[in-house]
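Me: I would like to learn how to read aromatic rings and a ligand shell in a structure. Could you take me through it slowly?

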Amino acid sequence: TGALLAWTDLTGWERVSETIYMLHTGQGAATLGLVLGLMALGVPAMGVTGVVVWLAGRRGRPRIRGNQPAGRAQTILLVGSEGGSTWGFAATLHAALTQAGQRVHTAPMSAFAPERYAAANRIIVLAATYGDGAAPASAKGFLDRLAAADHAPDAPLAVLGFGDRSFPAYCAFAKAVAAAAEAKGWRQLMAIDTIDRQSPQDFARWGRALGDAMGVDLELSHEPVRPATETLTLVSRRDYGAEVQAPTAILRFALPRVSLWQRFVGAGFARFDAGDLIGIMPEGSPVPRLYSLASARRDGFIEIVVKKHPGGLASGQLTALEPGDTVTAFLRRNPGFRTGRGRAPLILIGAGTGIGPLAGFVRGNAGQRPVHLFFGMRHPASDFFYGEELRAWQKEGRLTRLVTAVSRGTRPHYVQDVLRGDAAQVAQLIRDGARVMVCGGRDMAAGVADALAEILAPTGLTPAALKTEGRYVEDVY
Ligand SMILES: Cc1cc2nc3c(=O)[nH]c(=O)nc-3n(C[C@H](O)[C@H](O)[C@H](O)COP(=O)(O)OP(=O)(O)OC[C@H]3O[C@@H](n4cnc5c(N)ncnc54)[C@H](O)[C@@H]3O)c2cc1C
Ligand SMILES: Cc1cc2nc3c(=O)[nH]c(=O)nc-3n(C[C@H](O)[C@H](O)[C@H](O)COP(=O)(O)O)c2cc1C
């Protein structure tokens with residue numbers, strides 16, 4: 001009849017058992033079961049990605065043998081490194097000082113904790129420089145901590161900068177550290193010194209001076225580990241600039257094969273973006289030359305724009321390549337020169353080969369973020385690199401506006417002149433949160449910085465303030 005004759009409630013244990021059954025089978029609670037399943041998967045996923053992040057952070061970082069606790073060490077070695085090579089120098093110095101009878105503590109500059117250095121007689125900072133004098137990854141926060149400290153540490157300081165004289169701001173971060181230390185009244189063990197392009201000779205010379213200052217014999221023999229290189233094969237080239245005495249080629253190379261491990265940890269050419277750099281090892285010189293990438297991994301090729309320098313070794317060899325020819329190269333990440341996420345407008349400014357990474361950013365702008373490109377060339381008939389693509393990208397919505405400056409002709413203009421001509425709109429874009437990215441020669445970059453200073457004056461903003469906010473970045477050479 002459908003009448004309820006009897007009802008017995010589940011016991012506590014039966015209820016638990018029913019719930020467990022429901023969660024396992026998903027019967028009656030499929031969504032909840034799915035959510036719980038995904039959450040459970042999150043645990044091993046976090047573990048694996050955590051290991052990958054940790055491995056990426058330690059890439060190129062050697063093991064420091066016999067690292068003493070900070071509180072017991074007589075010498076504190078602090079390392080500011082992005083690519084890892086400075087850690088190699090630190091390991092050599094650590095070993096030599098330990099052999100000389102010292103208790104040494106080596107740590108990243110970001111772990112600077114003067115209150116812990118109770119037994120320290122000296123503090124040595126080894127610091128690389130990136131971009132416009134920015135702190136490398138393992139030195140983040142060092143200057144803030146120093147500024148926040150009540151007083152400078154008692155142990156005197158020696159700063160050794162690692163840099164590359166082909167960059168305009170040579171060892172600028174190490175110099176900033178030395179200046180901040182002086183301002184804080186930190187006693188000097190030795191005046192700041194620098195190491196150009198990881199020169200073992202420079203390092204040995206500095207080591208002897210350090211030994212003299214400490215009253216010990218110090219022989220520093222360090223052979224930097226060369227980056228792992230790949231062979232790249234040219235697939236195509238496009239030539240420009242011969243008529244304006246600036247022969248330049250857009251060179252496209254095939255992606256090299258990457259191992260499963262490289263893919264897993266994102267090493268080498270497994271992951272790169274436009275604006276990263278490739279180091280080319282020219283035949284006949286052990287010194288690599290850097291070139292800015294005009295493509296990202298997802299484009300499926302490696303592209304650079306190379307201008308032939310009169311008598312230049314690497315640029316001469318590169319611009320002589322024919323399809324099928326090969327070069328030896330490695331990847332150098334350039335995290336300071338990225339478009340960043342979000343939809344804030346981009347103001348891209350470049351001249352000559354500086355167009356390379358900027359063209360790469362436009363090509364990759366599938367999301368149609370507003371992009372304004374200011375490009376300086378000598379003559380549209382000879383060195384308008386990416387001319388056709390830029391017009392096509394504009395039609396596809398990847399490029400909002402293209403403004404060109406022509407330096408040879410009846411009315412010569414440089415890229416800074418066209419910026420000034422567009423002052424009102426440039427200022428408005430920057431007020432709206434635009435990010436400015438400049439790429440190319442250092443004279444052009446200096447001219448652009450002056451023009452932007454003028455354009456921004458009425459708004460109360462300055463290029464320096466934008467740089468501090470990370471809204472004005474440069475790839476200048
Ligand atoms: C971050 C960055 C990005 C760059 N991007 C580009 C780009 O996209 N396109 C482009 O065309 N160029 C670019 N360059 C410039 C490029 O790296 C080369 O400097 C340029 O091509 C000239 O190199 P070369 O070998 O032809 O000339 P060379 O005159 O043979 O060498 C150039 C420089 O290398 C150094 N050098 C040469 N031999 C030695 C040695 N034995 N020991 C120590 N140093 C030595 C010297 O500083 C010399 O001035 C970039 C440079 C930097 C720093
Ligand atoms: C993207 C990039 C930017 C750099 N910028 C500068 C710079 O502005 N000034 C400088 O002196 N050296 C610069 N360098 C050179 C490095 O500071 C130098 O190679 C250093 O030895 C790297 O040390 P690390 O491997 O420990 O990070 C730059 C190198 C790269 C790859």
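**Rings and a ligand**

Reply: Phe89, Phe162, Phe203 and Trp206 form one aromatic cluster, where rings of Phe, Tyr and Trp (its six-membered ring) pair if their centres lie within 6.5 Å, with planes under 30 degrees apart counted as stacked, over 60 as edge-to-face and the rest as tilted. This is a predicted model, in which local features need pLDDT of at least 70 and side-chain atom pairs count only at pLDDT 80 or more, while totals for chains, interfaces and linings use all residues. Residues are numbered from 1 along each chain as its sequence is written, chains are lettered from A and ligands numbered from 1 in the order in which they are written, and side-chain values use heavy atoms, with hydrogens and water left out.

Me: How many aromatic pairs does the rule give, and why is the pair of Phe89 and Phe162 called tilted?

Reply: A pair of aromatic rings is described by the distance of the centres and the angle of the planes. The rule gives 14 aromatic pairs. In the pair of Phe89 and Phe162 the centres are 4.8 Å apart and the planes stand at 55°, so this pair is tilted.

Me: Are Phe89 and Phe162 buried or exposed?

Reply: Both Phe89 and Phe162 are buried, meaning under 20% relative accessible area, with a 1.4 Å probe and protein chains only.

Me: Which side chains have a polar atom 2.6 Å from an oxygen atom of ligand 2?

Reply: A polar contact is a pair of N or O atoms within 3.5 Å. Ser81 has a polar side-chain atom 2.6 Å from an oxygen atom of ligand 2, and Thr86 likewise has one at 2.6 Å from an oxygen atom of this ligand.

How values were computed
Buried means under 20% relative accessible area, exposed over 50%, partly exposed in between (1.4 Å probe, protein chains only). A polar contact is a pair of N or O atoms within 3.5 Å; within protein, one must be able to donate a hydrogen and the other to accept it, and residues adjacent in sequence count only if both atoms are side-chain atoms.
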